[in-house]
Each structure stands twice: as structure tokens, then as C-alpha cells.
Amino acid sequence: MINLYDEAANVIGEVSRERMRAENLWHGCVLTVVFSGDGDRIYVHRRTDTKDIFPGLYDFSAGGVIDAGETPDEAAVRELREELGVEAPLTPLFRTTYVDELTRYHAWVYETRSDGPFTHQPEEVAWGGWMDVAELRGKIEDPGWPLVPDGRAIGREWLSRSA
């Protein structure tokens, strides 16, 4: 079960993940950008080919859906630990929304610094490695680079806020 949200980002109940996907209901997600300790690089990963949403595409944040009864802060800590095996202090950055024909959600965006070690969740992460911040900026703007669509949209907002 996951938190069900209204359009204003208020929790209004709980719903199964399957129903949320089938009916494209508002839900909450967290995204954490992992910088290297020196702040020059960002940890990027490729999603497994078996993911239900955006399989095989690249992502520059660790994240996922907020579980029922969970706060965004709690979800961000859990997702970072589950996907990359990292525990590090998180800095909240901003909240935004993402909507396309497949999904609509409120996103809480965080950042952290860690040099690892990283332990990938095998069901979710096929590969991971460092990318220079300048290179990632270019990749976000490159429509030919196979980046998750929500990551591209939220990445543009993140870059505009951090410029």
C-alpha cells in the first residue's frame, strides 16, 4: 500500500500500487541526488530491464514511491538505503509535481553527499557510476540520451534552481 494524495499534495488515504498505476492516481515520490564527497560528480544508474516503469533507462537520483503511513523524509532515507545501500544525511531541496500519460505524482527532491560504497538493489539497479556535473547537465538536455522522462523534467527544474 502507498499514500494516496490529492492535487495539493495532501495525503487523503491509502491505495494499492496496482490501483494507483491502473487509474493514474496522485501519489508521492522521493528523489535523492547523490553527489560525491567533493561535490564534483553525481552518481548515475541504469534501471533494470524488468522495472515496471521506464525499464532500462538511466536515472541520476535514487528514489521511489512513498509507502502508506510514511513521510517523504522517511521514504527518502529508505529508498536511498534500498536502491544504493547508502545511509547519509539528506538535505531537502524542493517539492514539485510530475504528470504524463502514465503517471502523476508529487515529488520531494533531496540531495546528499557520499563516496559509497554503493550496493545496488539487484531488482532495480543494473549499473551505476559517477558522472561529472557538467556532463550530466548536457545529458539532461540531450533528447537522445535514454534518461527517465520524469528525471529529465525534474532535472531541468533542479538545474534551474541550482544555477
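Helices (H or I, at least four residues) and strands (E, at least two) are DSSP runs, numbered from the N terminus. The structure is a predicted model, in which local features need pLDDT of at least 70 and side-chain atom pairs count only at pLDDT 80 or more, while totals for chains, interfaces and linings use all residues. Residues are numbered from 1 along each chain as its sequence is written, and side-chain values use heavy atoms, with hydrogens and water left out.

**Stop 1: backbone exceptions**

Select Asn24, which is found in the loop between α1 and β3. Although Asn24 is not a glycine, its phi is positive, at about 50°. Asn24 has a relative accessible area of 18% and is therefore buried (buried means under 20% relative accessible area, exposed over 50%, partly exposed in between, with a 1.4 Å probe and protein chains only).

Next, select Ala9, in the loop between β1 (2-5) and β2 (11-15). Phi of Ala9 is also a positive value, near 75°, in a residue other than glycine. Ala9 counts as buried because its relative accessibility is 14%.

Then display the peptide bond between Gly116 and Pro117, which is cis, with omega at about 5°. Pro117 belongs to the loop between β8 (104-113) and β9 (125-132). Most residues other than glycine have a negative phi, and most peptide bonds are trans.

**Stop 2: the annotated domain**

Select residues 25-153, where UniProt, in an unreviewed entry, places the feature "domain: Nudix hydrolase". UniProt positions are given in the numbering used here, feature names are shortened, and annotations may be inferred rather than shown by experiment. The end C-alpha atoms of this span lie 19 Å apart, and the span is 21% helix and 38% strand.

Pro149 is in helix α4. With a relative accessibility of 32%, Pro149 counts as partly exposed. Pro149 touches Phe54, Leu57 and Tyr98, not counting residues up to four places away in sequence (contact means heavy atoms within 4.5 Å). Pro149 and Tyr98 are 51 residues apart in sequence and 9.5 Å apart in space, C-alpha to C-alpha.

**Stop 3: the largest pocket**

Now turn to the largest pocket, whose volume is about 420 Å³. Of the 27 residues lining this pocket, the closest to its centre are Arg47, Lys51, Gly63, Gly64 and Val65. Two or more lining residues come from each of α1 (17-23), β3 (27-35), β4 (41-47), β6 (62-65), α2 (72-84) and α4 (149-162). On a 1 Å grid over the protein atoms alone, a cavity is a set of points where a 1.4 Å probe fits but cannot get out, and a pocket is an open set with protein on both sides within 12 Å along at least five of seven lines; lining residues have an atom within 4 Å of a point. Grid points are joined across faces, edges and corners, and a volume is the space filled by probe spheres set on the points.

Colour the pocket lining by class to see eight nonpolar, seven polar and twelve charged residues. Ala, Val, Leu, Ile, Met, Phe, Trp, Tyr, Cys and Pro count as nonpolar, Asp, Glu, Lys and Arg as charged, and the others, Gly among them, as polar.

Lys51 lies in the loop between β4 and β5 (58-59). Lys51 counts as buried, at 17% relative accessibility. Show the side chains of Lys51 and Glu124, which are joined by a polar contact of 3.4 Å (a pair of N or O atoms within 3.5 Å; within protein, one must be able to donate a hydrogen and the other to accept it, and residues adjacent in sequence count only if both atoms are side-chain atoms).

**Stop 4**

Glu79 lies in helix α2 and counts as buried at 5% relative accessibility. Beyond four places in sequence, Glu79 touches Val30, Gly63, Gly64, Val65 and Leu84.

Glu83 also has its place in helix α2, and its relative accessible area of 4% makes it buried. Leaving aside neighbours within four places in sequence, the contacts of Glu83 include His45, Thr119, His120 and Glu124.

**Stop 5: the cavity**

Finally, a search of the whole structure finds one cavity of 30 Å³ or more. Select its lining: Leu31, Val33, Phe60, Ser61, Val109, Ile154, Gly155 and Trp158. Helix α4 gives the most to this lining, with three residues. By class, the cavity lining has six nonpolar, two polar and no charged residues.
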